[in-house]
Each structure stands twice: as structure tokens, then as C-alpha cells.
Amino acid sequence: MQWLFKDDDYTPTKDKDAFLDKSILSMLKVISKIQTSGKISEDGFLYEVNVFLKLVSAFVFIIFLSLSMKWEFIIASAFIYIIFFLFIKSEDKKKIFTMQFTVFIFTFLLLLPSIILKNINNSFMILFKVTLSIGFVSIFSYTSSWYESAKALKILFIPDIFIFVLETALRYI
């Protein structure tokens, strides 16, 4: 109990922003993975759809998925996702599937304690919601160029500084 009344000799490091710098760098690394090859081919139906429409629909699907508590809506969203997935080039399908499978396994491992504790229904609902959300964002990312995406974000009144940071991160990382 003596340690409670003893004075601490803690001296913070001089670089107080080290944690912030590491966090920003890790965020920029994640954002840089969103970048596609830069050239989007016009091979399929989804590649020709207006980018603003794709962005808004991806936002709407993600918001509705996160708010939904019914399996019927999640299954309907999965069917819509599968239909969209069919209209993508095969090399993009492989990349999206690999990323989605990785997220599925990672989320499953995170939810494993909840599943073990008999919270199976909610755990699988979260698992499918996360996987479908990543799928919709991936489809948007692989079927849209960054230039068109930035214009669509501008139409949605996203602040210019946010778009500039994303663009700089994608360009230089």
C-alpha cells in the first residue's frame, strides 16, 4: 500500500506526437490500398454506371445494412451483391474475393468468443454485415477511377481538405 502514496518520477518523452504520427501513417497505408491501377476498363455494366450513383448506393447499402436487424434484408443485400459481383472482370473478382475472405476470417476470429458464449445469431449477423459492407466498397473501388470518385465526393459536399488528403495519400504512398 506504500506505492500508492509514493510520488511518481514519470517524465513524458519529448516526441509527444509519435502515437499520432504512427496512427496517421497506418491510416494512410490502409487508404492507399484502396487505389486501383488507375485505368478502369469499360468491360462490364458496372464500369459504365455513373460514379456518383455507385457511391450513393454503396453508402445507402452500408447504412441500411448497419441498421438492419432482419435476416431477410441481409440475404436480399447478399443477392444484390452477388448480382453486382457477376458483372466484374475476373481479375477484379479474384482481388475482391481474396480481400473479402480475409476480412471474413479476421471478423470470425474476433467474434469467436461471442460465438462460443452462445451468441450465435448476432455474431453471424455482424459477420455477414461486415463482409457485405466490405464487398460493396470493394466493388465501388474496383469499378471507379479515383478522379471520378473525388468528383462524386465533391458533389456530396465532402470537405476539400479531406479529398485532398485522400488524393495525396493515394498518389504518394
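**Figure 1. Lys154 and its salt bridge to Asp160.** Lys154 counts as partly exposed, at 44% relative accessibility. In this predicted model, the side chain of Lys154 meets that of Asp160 in a salt bridge, 2.3 Å from N to O. Asp160 is partly exposed too, with a relative accessible area of 47%. The structure holds two salt bridges.

**Figure 2. The salt bridge between Glu91 and Lys89.** The side chains of Glu91 and Lys89 meet at 3.4 Å, N to O. Lys89 is buried, its relative accessible area being 18%. Glu91 counts as partly exposed at 41% relative accessibility.

**Figure 3. The aromatic pair of Trp71 and Phe128.** The structure holds seven aromatic pairs. In one of them, Trp71 and Phe128 are arranged edge-to-face, 5.9 Å centre to centre and with 75° between the planes. This pair links distant parts of the chain: Trp71 is in helix α4 (residues 71–86) and Phe128 in helix α6 (residues 120–143), 57 residues apart. Trp71 is partly exposed, with a relative accessible area of 26%. Phe128 is also partly exposed, with a relative accessible area of 35%.

**Figure 4. The aromatic pair of Tyr81 and Phe136.** Tyr81 and Phe136 form an edge-to-face pair, with 5.7 Å from centre to centre and 80° between the planes. Tyr81 lies in helix α4 and Phe136 in helix α6, so this pair ties together parts that are 55 residues apart in sequence. Both residues, Tyr81 and Phe136, are buried.

**Figure 5. An aromatic cluster that includes Tyr81 and Phe136**. Phe61 and Phe85 belong to one aromatic cluster together with Tyr81 and Phe136.

Terms used
Residues are numbered from 1 along each chain as its sequence is written. This is a predicted model: local features need pLDDT of at least 70, side-chain atom pairs count only at pLDDT 80 or more; totals for chains, interfaces and linings use all residues. Side-chain values use heavy atoms; hydrogens and water are left out. A salt bridge is a side-chain nitrogen of Lys or Arg within 4 Å of a carboxyl oxygen of Asp or Glu. Buried means under 20% relative accessible area, exposed over 50%, partly exposed in between (1.4 Å probe, protein chains only). Rings of Phe, Tyr and Trp (its six-membered ring) pair if their centres lie within 6.5 Å; planes under 30 degrees apart count as stacked, over 60 as edge-to-face and the rest as tilted. Helices (H or I, at least four residues) and strands (E, at least two) are DSSP runs, numbered from the N terminus.
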